[in-house]
Structure formats: structure tokens, C-alpha cells
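Here is a short note to read beside the structure. The points below take up the ligand, the pockets and the cavity in turn.

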Amino acid sequence: MNIGFIGLGNMGGPMAANLAKAGHVVTGFDMADVSIEGVKMAETAAEVAKGADVVITMLPNGNILRAVAGDIIPAMSQGAALVDCSTVDVDSARAVAQQASDANLLSVDAPVSGGIGGAAGGTLTFMAGGSPAAFAKAEPLFDIMGQKAVHCGDAGAGQAAKICNNMVLGVTMIATCEAFALADKLGLDRQKMFDVVSTSSGYSWSMNAYCPAPGVGPQSPADNDYQPGFAADLMLKDLRLSQQAAESADADTPMGELAQALYTQFVESEDGQGKDFSAMLPRFEKRGRS
Ligand code: NAD
């Protein structure tokens, strides 16, 4: 396929390189001066879109996605597919899908989980929203860039799945960290706490697979001085998107709202910037009730 790739940062760069390695012709564009192995760079986003079978975007946010979509949709060939893999708000995903459909293009919102390691290793998980025809066109590319793609429903469903998952993740990580801090103050050994909770009804991915306590459970960022894995500021971005969506859909999400408030405080007023999102544990450790 002729593939256009726009947004070649930490995630997009290795994803585009994997598509080129698999034998596709990949043309790329980024605002920054980047070079990616196997990818021919173009001067503008519209140039990338011209003649492409599929254009993939991997951009920072919904406003940038809307601006880029405005540039590329008029330049894309009829029947081509626009596949946005960025994490953006559901409203922007749906607005771009409508614009694409008005121009007789296929489109898929397909945010990912798996982080930078997953992008480099081609092991991402894609959560996709769009028509069956659009998903079918993108699926062979998901197979190269990832290990799993779930077709979640119509336009916006991929973004909805991503932010609902990450709202659960943010809330359970906070609950896990505050429980460890309480266990400390009650004199309960952390390893014993892990042995019980990880095999009892309090178990979760945060506890069992990504334990925030250093030296306990499988290797995790806690064992590497909380260098990210999944940075607290990216968790905050996703929690904000979940609350924006909840506002727009009139959904009551008190735990998500509280998780957003705590990560805002952690990232903006404490020392959470640049740390893994599990560094909530040392934060709770230092605090008392007031
Ligand atoms: P990044 O900042 O490394 O990359 C974004 C790239 O987009 C940059 O290279 C930037 O120059 C480029 N860009 C910005 N505006 C542009 C424009 N108008 N035209 C062309 N290029 C433009 O970010 P990233 O970590 O690669 O994340 C990309 C997306 O993936 C985000 O939506 C993020 O939330 C999501 N995501 C990231 C991770 C992660 O672990 N990094 C995990 C899952 C999802």
C-alpha cells in the first residue's frame, strides 16, 4: 500500500518504521525535522495525503488533529482511509469522521495502548471505531503495528474504549497506592499485602502486573525509581479526556473526577511531572490525613 504518516514522534516514528519494514511505501510528514528509517519525508501534510491508500495520523491532541484533517481530507483520493491513532476527545474523533465521510473517504479512530515499547516492538493494541469497511482496510496495518485490534463500534467508539479503560486504570492505581500507604501505617509488610490482595478480591492490573511498591510483585517502574513507563502527565491527559466526555454525555463519574483532581495536583503542584503514574505511592507515603 501507499501509506501517508503524519506525526512521527515517540509513537508515530517507530510505527511508521515498522510499516516500511513490512514492505509498504511510507511517506511521512512532521512539523519537527525528523528522519525515520525507510520513510520518505514530504514538505506538507497535503503532499503526504495525495495518492495514499491510507493516511495515518499520530498527533498530540484533538485540536491539532482537526487542523491536520482539514488540510489532508481535500487532498485524499476517494475511497482512501484516514486512520487516526492519536488519543483525542470523542467529539473531535466524531467531527473528523463526519468530515471524512462527507468527502467519500473511509475513516477509523484507532487509539492505542502499549506505549513506546509497544510501538517499537509492533505489539500495540488498537481500539477502533468506524464502519466495517474502514476497519477491514486498516486491519492489515494494525496487524503489522500491533498484536491485537478490537473493532469497538462506529466512529468515536475506539476513543470511548480508550478513555473508559484509562479512567479505570487511574482510579485503581490511586486506590492501590493509598491502600499500600495505609498498610504501611498499620505496620503491615508490603510483600504480605501484595500476597493477599493480588490473590483476593482487591486484585487488579495496577496491583498484580504493575505493582507501585518497589521490590514487590513483577518488575515495574517502581523498581526503576518511577521512571515512566506510563507518565503521570499522560494519565492526566486521558483522565481529562474522560471527564470532558462525561460532561458532554451527561455521565456521573465521581471517581474519575477525583482521579483527575489528584493527578492534576500531582503533576502541576507536586513532583509528579516526568514520573511514572504509579509514583502516587511515594506521594501518599509522605502524607497524613490533613
Ligand atoms: P510526541 O509529542 O512524541 O509526537 C507527536 C508528534 O506530532 C511530534 O513529532 C510533533 O512534532 C508532531 N506534530 C505536532 N503537530 C503537528 C502538525 N500540525 N503536523 C504534523 N506533525 C505535528 O507524542 P507521542 O508520545 O508520539 O504521542 C502521540 C499520541 O499518542 C498522543 O495522542 C498520545 O496521547 C498517544 N499515546 C501516547 C503513548 C505514549 O506512551 N507516548 C501511549 C499511548 C497513546
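1. A word on classes comes before the counts. Ala, Val, Leu, Ile, Met, Phe, Trp, Tyr, Cys and Pro count as nonpolar, Asp, Glu, Lys and Arg as charged, and the others, Gly among them, as polar. The second largest pocket shows the scheme in use: its lining divides into 3 nonpolar, 2 polar and 4 charged residues. Please keep in mind that this is a predicted model.

2. Stay with the second largest pocket for a moment. About 320 Å³ of space lies in it. Its lining is made of Glu178, Ala181, Leu182, Lys185, Phe284, Arg287, Gly288, Arg289 and Ser290. Helix 7 provides the largest share of that lining, 4 residues.

3. Where does the ligand sit? The ligand is in the largest pocket. That pocket has a volume of about 1200 Å³. It is lined by 40 residues, and Met11, Met58, Thr87, Gly115 and Leu234 are the closest to its centre.

4. Helix 7 gives the most, with 4 residues. By class, the lining of the largest pocket has 23 nonpolar, 12 polar and 5 charged residues.

5. Now look at the shell around the ligand. It holds 23 residues, and the closest are Asn10, Met11, Asp30, Leu59 and Lys237. Three helices each supply at least two residues of the shell: helix 3 (62–72), helix 5 (115–121) and helix 10 (232–249). The shell divides into 14 nonpolar, 6 polar and 3 charged residues.

6. Which atoms of methionine 11, aspartate 30 and leucine 59 face oxygen atoms of the ligand? For aspartate 30, an N or O atom of the side chain lies 2.6 Å from a ligand oxygen. For methionine 11, a backbone N or O atom is 2.8 Å from an oxygen atom of the ligand. For leucine 59, a polar backbone atom is 2.8 Å from an oxygen atom of the ligand. How much of the ligand does the protein bury? Taken alone, the ligand exposes 830 Å², and the protein buries 82% of that.

7. The structure holds 1 cavity of 30 Å³ or more. About 70 Å³ of space lies in the largest cavity. Leu65, Leu82, Asp84, Ala93, Val96, Ala97, Ser107, Val108 and Asp109 line it. Strand 5 (81–84), helix 4 (90–102) and strand 6 (106–109) are the elements that give two or more residues to this lining. The lining of the largest cavity has 6 nonpolar, 1 polar and 2 charged residues.

8. To check on the model, start with the ligand in the largest pocket. Find the side chain of aspartate 30, with an N or O atom 2.6 Å from a ligand oxygen. Then follow helix 7, which gives 4 residues to the lining of the largest pocket and 4 residues to that of the second largest pocket.

Key: Residues are numbered from 1 along each chain as its sequence is written. This is a predicted model: local features need pLDDT of at least 70, side-chain atom pairs count only at pLDDT 80 or more; totals for chains, interfaces and linings use all residues. Side-chain values use heavy atoms; hydrogens and water are left out. A residue is near a molecule or strand if one of its heavy atoms lies within 4 Å of it. A polar contact is a pair of N or O atoms within 3.5 Å; within protein, one must be able to donate a hydrogen and the other to accept it, and residues adjacent in sequence count only if both atoms are side-chain atoms. Accessible areas come from the Shrake-Rupley method with a 1.4 Å probe; for residues, only the protein chains shown count as cover. On a 1 Å grid over the protein atoms alone, a cavity is a set of points where a 1.4 Å probe fits but cannot get out, and a pocket is an open set with protein on both sides within 12 Å along at least five of seven lines; lining residues have an atom within 4 Å of a point. A molecule sits in a cavity or pocket if more than half of its atoms lie within 2 Å of its grid points. Grid points are joined across faces, edges and corners, and a volume is the space filled by probe spheres set on the points.
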